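Here is a short briefing on one protein chain. Keep the structure open as you read, and find each residue as it comes up.

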Amino acid sequence: IHISRFTNWQNTTKKLIVDYVSRLTESLNNDLPSSTKSIYSVFERTWYKYYAYVVENISTYLPDDYEDNFLTKKTFDDAKQLLVEAVSGIEVVAVNSASGDELIYPDKTEKKYIAIGGNKLSRGFTLEGLTINYFTRNTNFADSLLQMGRWFGYRPGYIDCCKLFTTSENIEKFHEASKIIEDLENKFKYLAGLPGRTP
């Protein structure tokens, strides 16, 4: 979660998220999965709003030679039975100089983090297995934006789970920066194709 470069906002956000995860865990353990007023129905609406279409149609957006044996169609019922397990063991950390929190990935052990941060998470930092990013920070510099775009570390079977929630302004800025990079790549290819010349 990137909402501010200021540590006090990051640490305040951490407290709110810790409280939310606690309430979420309690609801998942106590609500009836079949009730329309349960947390399960909230998850179902979220599934159909953000995931169902992508999960069901991801293969149409991938190259013909793309192979990922773990990328299979799933339904909400498939996910529903895993929600209690998914929420258990989540650690919420504020990665900044004031909190003292750290992201530590133990060998051969699964770890689930919700990481809140600013500069430490935004400059060339890739989170292992990241699937969801809330990014509302703002920048006017293309290099900073591209560094902040290095969010998702690839894992087989997870391409349909990756989500970025951001502002329309950030999307437009990233689009413009991407066009500049593509133009630069095309110029390198052109120069490399000239006889006896290299970029």
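## Layout of the chain

Starting at the N terminus, the elements follow the order α-α-α-α-β-β-α-β-α-β-α. That gives 7 helices and 4 strands. Helices (H or I, at least four residues) and strands (E, at least two) are DSSP runs, numbered from the N terminus. This is a predicted model, in which local features need pLDDT of at least 70 and side-chain atom pairs count only at pLDDT 80 or more, while totals for chains, interfaces and linings use all residues. Residues are numbered from 1 along each chain as its sequence is written, and side-chain values use heavy atoms, with hydrogens and water left out.

**Confidence**

- The predictor's confidence in each residue is its pLDDT, from 0 to 100.
- The chain has an average pLDDT of 86, and 89% of the residues score at least 70.
- Helix α1 (residues 7-30) has the highest confidence, with a mean of 96, and helix α6 (residues 142-148) has the lowest, at 67.
- Where pLDDT is low, the predicted coordinates should not be read in detail.

**Whole-chain numbers**

- Of the 199 residues in the chain, 28% are buried.
- Buried means under 20% relative accessible area, exposed means over 50%, and partly exposed is in between (1.4 Å probe, protein chains only).
- The chain exposes about 13,800 Å², and 55% of this comes from carbon and sulfur atoms.
- These areas come from the Shrake-Rupley method with a 1.4 Å probe; for residues, only the protein chains shown count as cover.
- Take the contacts (heavy atoms within 4.5 Å) between residues at least 6 apart in sequence: 63% of them join residues at least 24 apart.

**Nonpolar cores**

- A nonpolar core is a set of buried Ala, Val, Leu, Ile, Met, Phe, Trp, Tyr and Cys residues joined through side-chain atoms within 4.5 Å.
- The largest one has 11 residues: I1, I17, V21, L24, L28, I39, Y40, L83, V87, V92 and I116.
- Helices α1, α2 (39-57) and α4 (83-87) each give two or more residues to this core.
- Which element gives the largest share? Helix α1 does, with 4 residues.
- Another core, of 8 residues, lies apart from it and includes V93, V95, L127 and L130.
- In soluble globular proteins, nonpolar side chains tend to be buried together.
- Leaving out residues up to four places away in sequence, V92 touches K14, I17, V18, V21, D101, I114 and I116.

**Helix α1**

- Helix α1 has 24 residues and reaches 35 Å from its first C-alpha to its last, close to the 34 Å expected at 1.5 Å a residue.
- The expected span of a helix is 1.5 Å times one less than its number of residues.
- Its buried residues are Q10, T13, I17, V21, L24 and L28.
- An α-helix has 3.6 residues a turn, so residues three or four places apart point the same way.
- The cover over the buried residues of α1 includes α2, α4, β1 (90-95) and β2 (112-117).
- T13 is buried because its relative accessibility is 12%.
- A polar atom of the T13 side chain lies 2.7 Å from the backbone oxygen of W9.
- Beyond neighbours within four places in sequence, T13 is in contact with I3 and I116.

**Helix α7**

- N170, K173 and A177 are buried in α7.

**Residues to find**

- H2 sits in the segment before α1.
- Is H2 buried or exposed? H2 counts as buried because its relative accessibility is 3%.
- The side chains of H2 and N133 are joined by a polar contact of 3.4 Å.
- A polar contact is a pair of N or O atoms within 3.5 Å; within protein, one must be able to donate a hydrogen and the other to accept it, and residues adjacent in sequence count only if both atoms are side-chain atoms.
- K108 is in the loop between β1 and β2, and at 89% relative accessibility K108 counts as exposed.
- K108 is not a glycine, yet has a positive phi of about 60°.
- F165 lies in strand β4 (residues 163-166) and is partly exposed, at 22%.
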